Amino acid sequence: MRFGWRKEVARRPWRLSVKLLIVSSVATMVGFSAICANVMLDMRRGEEALARQMLENLASGVDSDISRNIELYDLSLRAAASGMILPEIKQVSKPILHLILFDRAAGAKHFGALQVFDAAGRLTIDASTLDPPPENRGDEEYFRVHRENPDTGLFISRPMLHRGAYAIVLSRRITGEDGSFLGVVAGSIRFSYFHDLFGRLSLDPDDTITVLRRDRTIIMRRPFDLDIIGRNLPDRTSWNPANMNSGWYAGAGPVDPIPRLWVRHNGTGPFIVVVGKPLESILNLWRTEAIRIAAIMAALILFVLGVTLFLAREIGRRAQAEDKLEELATTDALTGLTNRRKFDTSIDLEWRRATRQKTPIAMLMIDADHFKVYNDTFGHQAGDEVLIGIAICISDSLRRAGDCAARYGGEEFAVLLPAFSAEQALAVAEAIRLKVEQWSEHTSVSIGVASLTPDVTQECSELIGAADKALYAAKAGGRNRCAVASVPKLSLVA
């Protein structure tokens, strides 16, 4: 009998239970971790979407304010340009001329006074004074643009120092009725307007607002840096507001390396407004929540892991206890072989299997020769040693996991050999007999061998009876020998 095999069979259900517990716990932890990770990613996407919406609203508000003021200022430029081509304009006095040209002129504190330059670039009329000083702007970019391109319309210059203050110059061409170039009407919006506009907004220190012309020239930026005002960004293709995917872009900007979420307002005005907010500040609240959730999940995972290990240990202890109880219930305490009750169960199962599969089944009945005399002569302890030695010889002679050896009663042993013919069973019996004979010169065994292929009309008691009769035949034949029962061949019942 293979005792290790028996213990492995007994323990396998519990091992499967421990594995199932561990796999279930791991699957649960992975599942909850995946759910929490998905929730945290959704939270992150939600924070980013909320930040994009906020920045879009901010960019829209800034763009609307700038566009509205430029539109108002442009109305003043249009009125002045239209008034300069009136036939009677040369016949009126300077005060009346000012009233005609600049009556509708925007007068906000951040707007510079309108000026009219003739075709040579000379200042002829200034809204701030009736007697303007001599001044020539023929070399300025805005003047050349209008002179060379009649269809320019409203032109907004690069940031420049204009009349003692940094500003952008807005200008329109004065075109005669015959299409000739008569001059330019120009005004300015000082940087103070942008400073005042940005100052009214609630912004964090690292939040940025960049106002660009359509050719990507920086008109104004917050935080203000005079060194980058007027810079053109043709080489920063990744930050190109015109190419921003869906109106936004995440990454470094054109000025500093701080990663930001950049949002462009898709307006129709002369400027592009891009608002940036550091990703660190956008994700700060999410990161705090993510750390808190991760800490809770880590604690839960450790708790579940601890409980799982504790339960696995307890299941292992219970399995060991049940293995011990199983061993005590099915094992002969003296020899370590299967006891009579377990043997009866095994032969019943193997008999049914042999009947179904139409295979032979063999049985050995083994008895120690002259055991009673030996026991009375040398004592019970010596007799027990003999029984133990015979059991060891039997176990060492069996090679298959399905073979079952048992102490059948007193000094009698039984061996069940499934799928063995009488010849094969006799070979095993001879091996056992020789091992016992070699082990002790004072001990020998007689063995009865029986084998048959059962059918549904037979009972296992027939095999036991045949082996028992063969054992008596071996004893009657002089002991220390094997005898094979003669089992008649039975016909199958239809």
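**Exercise 1. In which loop does His265 lie, and what is around it?**

Before we start: this is a predicted model, where local features need pLDDT of at least 70, side-chain atom pairs count only at pLDDT 80 or more, and totals for chains, interfaces and linings use all residues. Residues are numbered from 1 along each chain as its sequence is written, and side-chain values use heavy atoms, with hydrogens and water left out.

*Step 1.* Find the loop: His265 sits between β10 (260-264) and β11 (271-278). Strands here are DSSP runs of E, at least two residues, and helices are runs of H or I, at least four residues, numbered from the N terminus.

*Step 2.* Check burial. His265 has a relative accessible area of 16%, so it counts as buried (under 20%; exposed is over 50%, partly exposed in between, with a 1.4 Å probe and protein chains only).

*Step 3.* List the neighbours. Leaving aside residues within four places in sequence, His265 is in contact (heavy atoms within 4.5 Å) with Glu56, Ala59, Ser60, Asp63 and Val273.

*Step 4.* Look for polar partners. The side chains of His265 and Glu56 make a polar contact of 3.2 Å. That term means a pair of N or O atoms within 3.5 Å; within protein, one must be able to donate a hydrogen and the other to accept it, and residues adjacent in sequence count only if both atoms are side-chain atoms.

**Exercise 2. How many residues does the largest nonpolar core have, and what does Ile66 touch?**

*Step 1.* A nonpolar core is a set of buried Ala, Val, Leu, Ile, Met, Phe, Trp, Tyr and Cys residues joined through side-chain atoms within 4.5 Å. The largest one has 56 residues, and Ile66 and Phe271 are among those with the most contacts inside it.

*Step 2.* Helix α1 supplies the largest share of this core, 13 residues.

*Step 3.* Not counting residues up to four places away in sequence, Ile66 touches Tyr193, Phe194, Leu197, Val211 and Phe271.

*Step 4.* Another core, of 29 residues, lies apart from that one and includes Ala391 and Val415.

**Exercise 3. Describe the surroundings of Glu350.**

*Step 1.* Glu350 is in helix α7 (residues 340-357).

*Step 2.* With a relative accessible area of 17%, Glu350 is buried.

*Step 3.* Its side chain joins that of Arg353 in a polar contact of 2.8 Å.

*Step 4.* Beyond four places in sequence, Glu350 touches Ile361, Leu416 and Pro418.
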